[in-house]
Structure formats: C-alpha cells, structure tokens
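Please brief me on this chain: its strands, its core and its aromatic rings. Keep it brisk.

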Amino acid sequence: MKKQKQFVLVGIMLVMLATISLSGCTNAVDKSKFIGTWTTSGGSGSMTFTGDDKVTVTGQLGDFSLSGTYTWAVAGEKITFTSESGGSVGVTYDYRFPTGDQLIFTNSMGGSITLTKA
C-alpha cells in the first residue's frame, strides 16, 4: 500500500512539472516564429528578428514609424520594442500569425501592418 501511494505521488509530481514546463514554453515558441526577415507587401520596409532579442527595422512599415535596431520581447499576444539606448520606454503592439509566413501587427488605434516572411 505504501509503494502504491508513493507511485501516485510521483505521478502527480511529474504531471505538475510537465504542466509548469509547458506553460513556460509559450513565449519561447512564439519567439521562434519571429526569427528571420519579414517584409511589407510592397517591399518598402523590413524587420529582421534575431534570437538574441534584437530586431533591425528598415524602410517604412505602413503607419508604424520604427527605424533602427531595437530589443523585442513577447508576452501573450503582444510584442514590445524598446530602444537599445534605453532612451525610450517602448512601443507595444498586438500580433498574430494567420499563416506560417504571415505576421500582422496591430496598434491600439486599429492600424495594422502585414508582413511576409522573406
């Protein structure tokens, strides 16, 4: 009987550890989707995300006026870009991946930009 209780306790602990591990992976999985170069439909702007939490923005991205190199972080369905110099507080957008090679950013005023993976 004692061994059976120990087995059940070990099983519960393993399930708890698996749940904690999987819940902590959400941002890591989302972050991996960003890595690479994304361009606007007209090719006038691009964003290149790297695994070290940096993004280089070039050209015009619709109504979004980011230009230069920034750090980026995801939390839930939001992405925040922060100046590398630390001078700005940061800009946060909603994001979604309707397909594997399409990324859409939306600002709080309803403006959006669609990017395609290069």
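β7 and β8 form a hairpin with 5 residues between them, and Gly 110 in the turn has a positive phi of about 95°. Helices (H or I, at least four residues) and strands (E, at least two) are DSSP runs, numbered from the N terminus. The model is predicted: local features need pLDDT of at least 70, side-chain atom pairs count only at pLDDT 80 or more, and totals for chains, interfaces and linings use all residues. Residues are numbered from 1 along each chain as its sequence is written, and side-chain values use heavy atoms, with hydrogens and water left out.

**Confidence and overall make-up**

- The average pLDDT of the chain (the predictor's confidence in each residue, from 0 to 100) is 77, and 69% of the residues score at least 70.
- Over residues 5-26 the pLDDT is below 50; beyond near neighbours in sequence, this stretch has 0 contacts (heavy atoms within 4.5 Å) in the model.
- The chain holds 2 helices and 8 strands.
- Along the sequence, the pattern runs α-α-β-β-β-β-β-β-β-β.
- Of the 118 residues, 25% count as buried. Buried means under 20% relative accessible area, exposed over 50%, and partly exposed in between (1.4 Å probe, protein chains only).
- Among contacts in the chain with a separation of 6 or more, 34% come from residues 24 or more positions apart.
- The chain exposes about 7500 Å², and carbon and sulfur atoms supply 61% of it. Accessible areas come from the Shrake-Rupley method with a 1.4 Å probe; for residues, only the protein chains shown count as cover.

**Strand pairing**

- β7 and β8 pair in the antiparallel sense over 5 bridges. Two strands pair if DSSP finds at least two bridges between them.
- Leu 103 has Leu 115 as its bridge partner in β8.
- β1 and β8 also pair in the antiparallel sense, over 3 bridges.
- Strand β1 (residues 36-40) pairs with β2 in the antiparallel sense over 4 bridges. Here Gly 36 has Phe 49 as its bridge partner in β2.
- The hairpin of β1 and β2 has 4 residues between the strands, and Gly 43 in the turn has a positive phi of about 75°.
- β2 pairs with strand β3 (residues 54-59) in the antiparallel sense over 5 bridges. The bridge partner of Gly 45 in β3 is Gly 59.
- β2 and β3 form a hairpin with 4 residues between them; Asp 53 in the turn has a positive phi of about 65°.

**Thr 116 in β8**

- Thr 116 sits in strand β8 and is the bridge partner of Thr 39.
- Thr 116 is partly exposed, at a relative accessible area of 34%.
- Leaving aside neighbours within four places in sequence, Thr 116 is in contact with Thr 37, Trp 38, Thr 39 and Asp 101.
- Gly 100 is 16 residues from Thr 116 in sequence and 9.1 Å away in space, C-alpha to C-alpha.

**Nonpolar core**

- The largest nonpolar core has 19 residues, of which Phe 34, Met 47, Phe 49, Ile 79, Phe 81, Leu 103 and Phe 105 touch the most other members. Such a core is a set of buried Ala, Val, Leu, Ile, Met, Phe, Trp, Tyr and Cys residues joined through side-chain atoms within 4.5 Å.
- Elements giving two or more residues to this core are β2, β3, β4 (68-75), β5 (78-83), β6 (91-99), β7 (102-106) and β8 (112-117).
- In strand β2 (residues 45-49), 4 of the 5 residues are buried.
- Leaving aside neighbours within four places in sequence, the contacts of Met 47 include Val 55, Val 57, Leu 61, Phe 81, Phe 105 and Leu 115.

**Aromatic rings**

- The count comes to 11 aromatic pairs. Rings of Phe, Tyr and Trp (its six-membered ring) pair if their centres lie within 6.5 Å; planes under 30 degrees apart count as stacked, over 60 as edge-to-face and the rest as tilted.
- The rings of Phe 34 and Trp 72 have centres 5.2 Å apart and planes at 55°, so the pair is tilted.
- Phe 34 lies in helix α2 (residues 26-34) and Trp 72 in strand β4, so the pair ties together parts 38 residues apart in sequence.
- Phe 34 is buried at a relative accessible area of 0%, and Trp 72 is buried at 3%.
- Tyr 93 and Phe 105 form a tilted pair, 6.3 Å centre to centre with 50° between the planes.
- This pair links Tyr 93 in strand β6 to Phe 105 in strand β7, 12 residues apart. Tyr 93 and Phe 105 are both buried.
- One aromatic cluster is formed by Phe 34, Trp 38, Phe 49, Trp 72, Phe 81, Tyr 93, Tyr 95, Phe 97 and Phe 105.
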